2 protein chains.
Amino acid sequence: MDLRVVFLGTAGAVPTVDRGTSAALLVRGGERLLFDCGEGTQRQLMRSAGLSRIDKIFFSHLHGDHYLGLPGLMKTLGLQGRTEPLELYGPRGLEELMTVAQRVFGRHQYPVVLHEAKPGIVLETDGYRMEAWPTDHGPPSLAWCLHESKRPGEFHPERAQALGLDPGPAFRRLQMGEPVVLESGVVIEPEQVMDEPRPGRKLVFTGDTRPTDHVAQFARGATVLVHDSTFASSELERALETRHSTSAEAAEVAVRAGVDLLVLTHVSSRHSRRELVSEARAVFRHAFLPDDLDELIVPYPDKGTPYFVRPAEGSCGCPEHAPGPTEADDSEGGG
Amino acid sequence: MDLRVVFLGTAGAVPTVDRGTSAALLVRGGERLLFDCGEGTQRQLMRSAGLSRIDKIFFSHLHGDHYLGLPGLMKTLGLQGRTEPLELYGPRGLEELMTVAQRVFGRHQYPVVLHEAKPGIVLETDGYRMEAWPTDHGPPSLAWCLHESKRPGEFHPERAQALGLDPGPAFRRLQMGEPVVLESGVVIEPEQVMDEPRPGRKLVFTGDTRPTDHVAQFARGATVLVHDSTFASSELERALETRHSTSAEAAEVAVRAGVDLLVLTHVSSRHSRRELVSEARAVFRHAFLPDDLDELIVPYPDKGTPYFVRPAEGSCGCPEHAPGPTEADDSEGGG
């Protein structure tokens with residue numbers, strides 16, 4: 001199943017000409033999950049994956065730069081005639097915010113379902129579970145982790161045939177993990193014809209946070225870790241004060257967690273991309289800082305490694321904006 | 001004194017990839033006045049005139065697509081260390097909104113001064129007066145008019161010299177409109193050496209409204225009328241229902257008011273630019289629909305006619321985005 005992440009907004013608390021406030025869209029098959037919803041998110045969605053099938057939004061915390069795009073998005077969904085429920089997941093305080101500021105969020109003809117998440121598994125489908133984990137930012141705050149279920153191992157039809165089975169229902173039963181009984185009474189177990197179950201993908205979005213052991217533990221073995229990377233090391237003091245991370249600290253979490261890829265986000269305009277990326281790469285080689293609207297393609301771990309693409313859609317066709325190799329392909333930086 | 005209007009957001013209630021929700025910035029000399037502040041306004045300001053010296057915001061009404069950019073803008077101004085007051089002008093309900101949704105608008109270290117405007121002169125400086133006028137949209141709503149004071153007529157130094165005056169303090173007194181007494185006791189009146197006072201500029205921003213006689217009267221003789229133009233005539237019924245105007249109706253107001261230039265805005269994505277502009281121009285020749293970030297330069301009426309420029313800043317340099325003749329220069333459309 002295809003899985004990609006569109007980085008809709010990668011700026012810190014203050015947007016810039018080039019970067020909007022926090023939002024990322026995870027597209028997995030036909031499902032679209034939004035992580036945070038800063039001001040301007042609806043237009044960033046229009047510029048990329050579109051507004052349809054946005055059913056669930058996961059908030060890391062309730063600072064304005066992470067939710068101020070929600071009232072406009074909700075209004076637009078309403079004007080589009082939406083009737084399906086919109087499910088909002090967030091830390092403690094979500095219900096209060098939506099109640100006290102009901103005037104701003106508006107009334108809509110579609111149901112808005114609020115979930116104040118406790119640490120642990122918040123949502124479980126047949127393909128993945130979504131977990132929340134406390135972070136260290138100040139107000140109640142959560143990291144989110146989408147962890148796919150294990151996929152069945154590779155099926156070897158030649159082994160099944162060698163055991164006396166014919167292609168058809170028996171093959172399918174084995175692929176589903178069920179044993180098959182031959183006419184002779186011999187039982188064929190799935191393990192006899194299939195490899196070990198293969199791991200699914202694991203993606204973690206920390207939201208705004210200091211680096212913590214908890215987050216490193218939560219992100220253990222993740223395919224992708226999207227981590228707060230507001231500052232360069234020169235502003236460590238400010239990172240401590242405001243409960244954010246430097247890019248080097250984010251990279252240390254990536255090392256401890258043993259992730260495949262680190263995505264830096266929520267970056268302050270005080271620092272250049274080069275500064276943030278090179279400091280991170282000195283610690284962890286596979287660190288990248290996307291531009292807004294860059295997409296991260298995440299194959300299954302046994303099928304390949306994640307890579308960024310710059311969407312052609314919305315490009316004006318000039319060389320500067322042409323799709324091309326992105327940072328994930330280059331070898332800039334240390335480490 | 002230079003005067004220009006930057007159209008920051010020209011979409012209707014729902015933004016599009018190309019058009020953001022309502023906001024326009026009037027820059028007059030060193031002063032910057034913002035009219036409405038839809039979602040994304042702070043980034044549009046960053047892309048054009050910048051965030052500095054935004055001291056006054058005039059709201060036409062309190063629907064989300066006209067104010068949802070305010071919380072983010074206020075936050076950013078605070079993070080920039082602002083200490084000067086921010087003055088917000090709007091219709092009845094402004095104070096209630098800012099109170100009930102205080103959680104969203106936040107607390108700031110700079111004063112936020114609220115003015116619920118009554119029809120009439122709301123603000124008077126030595127260069128202009130700002131007037132508010134009720135419109136017809138549903139909730140309390142106001143059109144705003146910046147009307148410059150008359151400027152002194154042209155001074156003719158050769159006439160003053162012929163009357164026995166020397167360049168210097170006497171010239172300046174006459175230019176300020178004060179009489180000068182010669183040593184002979186003869187009084188020289190300003191009118192003897194200066195032409196008639198020259199009209200200032202008058203700009204009207206209607207916000208969302210049905211076309212009304214009141215607005216036509218309010219906009220009488222305006223240099224620029226920025227009028228709701230949400231729909232084409234094919235959607236007149238919808239315009240009536242939602243208390244908006246068609247572009248042809250906006251043009252009829254422009255004709256009745258005898259304005260110099262009509263700017264169409266708050267346009268629905270249901271209609272093409274060509275459709276809206278050609279319907280308006282069939283009624284009123286000088287009707288234009290800007291792109292977001294287009295700037296309208298407004299000379300004094302005796303110095304020239306208003307014209308649009310597309311700012312080079314932020315352009316990627318490709319031919320499609322190069323500054324060039326804009327709609328205000330072309331002769332497309334009827335009328």
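**Labels and their cut-offs**

Reply: Happy to. At 27% relative accessibility, Arg243(B) counts as partly exposed, because buried means under 20% relative accessible area, exposed over 50%, and partly exposed in between (1.4 Å probe, protein chains only). This is a predicted model, where local features need pLDDT of at least 70 and side-chain atom pairs count only at pLDDT 80 or more, while totals for chains, interfaces and linings use all residues. Residues are numbered from 1 along each chain as its sequence is written, chains are lettered from A and ligands numbered from 1 in the order in which they are written, and side-chain values use heavy atoms, with hydrogens and water left out.

Me: What makes Arg243(B) and Asp136(B) a salt bridge?

Reply: The closest N and O atoms of Arg243(B) and Asp136(B) are 2.6 Å apart. A salt bridge is a side-chain nitrogen of Lys or Arg within 4 Å of a carboxyl oxygen of Asp or Glu, so the pair qualifies. Arg243(B) sits in the loop between α9 (236-242) and α10 (247-257) of chain B, and Asp136(B) in the loop between β8 (128-134) and β9 (142-148), 107 residues apart. Helices (H or I, at least four residues) and strands (E, at least two) are DSSP runs, numbered from the N terminus. Asp136(B), with a relative accessible area of 26%, is partly exposed too.

Me: Why is it said that Asp291(B) and Arg310(B) tie together parts of the chain?

Reply: Their salt bridge has its closest N and O atoms 3.1 Å apart. Asp291(B) lies in the loop between β15 (287-288) and β16 (295-297) and Arg310(B) in the segment after β17 (307-309), so the pair ties together parts 19 residues apart in sequence. Asp291(B), at 25%, is partly exposed, and so is Arg310(B), at 30%. In chain A, salt bridges that share partners join Arg19(A), Arg273(A), Asp291(A), Asp294(A) and Arg310(A) into one network. Over all chains, the count comes to 37 salt bridges.

Me: How do you know that the two chains are related by a two-fold axis?

Reply: Two copies of a chain are related by a rotation about an axis and a shift along it. Here chain B can be laid on chain A by a turn of 179 degrees and a shift of 0.0 Å along the axis, with an RMSD of 0.2 Å. That is the relation of a two-fold axis. The superposition is by least squares on the C-alpha atoms of residues with pLDDT of at least 70 in both copies.

Me: Why do you say that the copies meet through the same surface?

Reply: Because 100% of the interface residues of chain B are also interface residues in chain A. By contact (heavy atoms within 4.5 Å), 35 residues of chain B touch 35 residues of chain A. The chains bury about 2,900 Å² between them, 58% of it on carbon and sulfur atoms; buried area is the accessible area (1.4 Å probe) that two parts lose on being put together, summed over both. In chain B, Glu39(B), Arg43(B) and Arg103(B) lose the most area to chain A, together 23% of what that side buries.

Me: Which residues form the salt bridge between Arg103(B) and chain A, and what is the distance?

Reply: The side chains of Arg103(B) and Glu96(A) meet at 4.0 Å, N to O.
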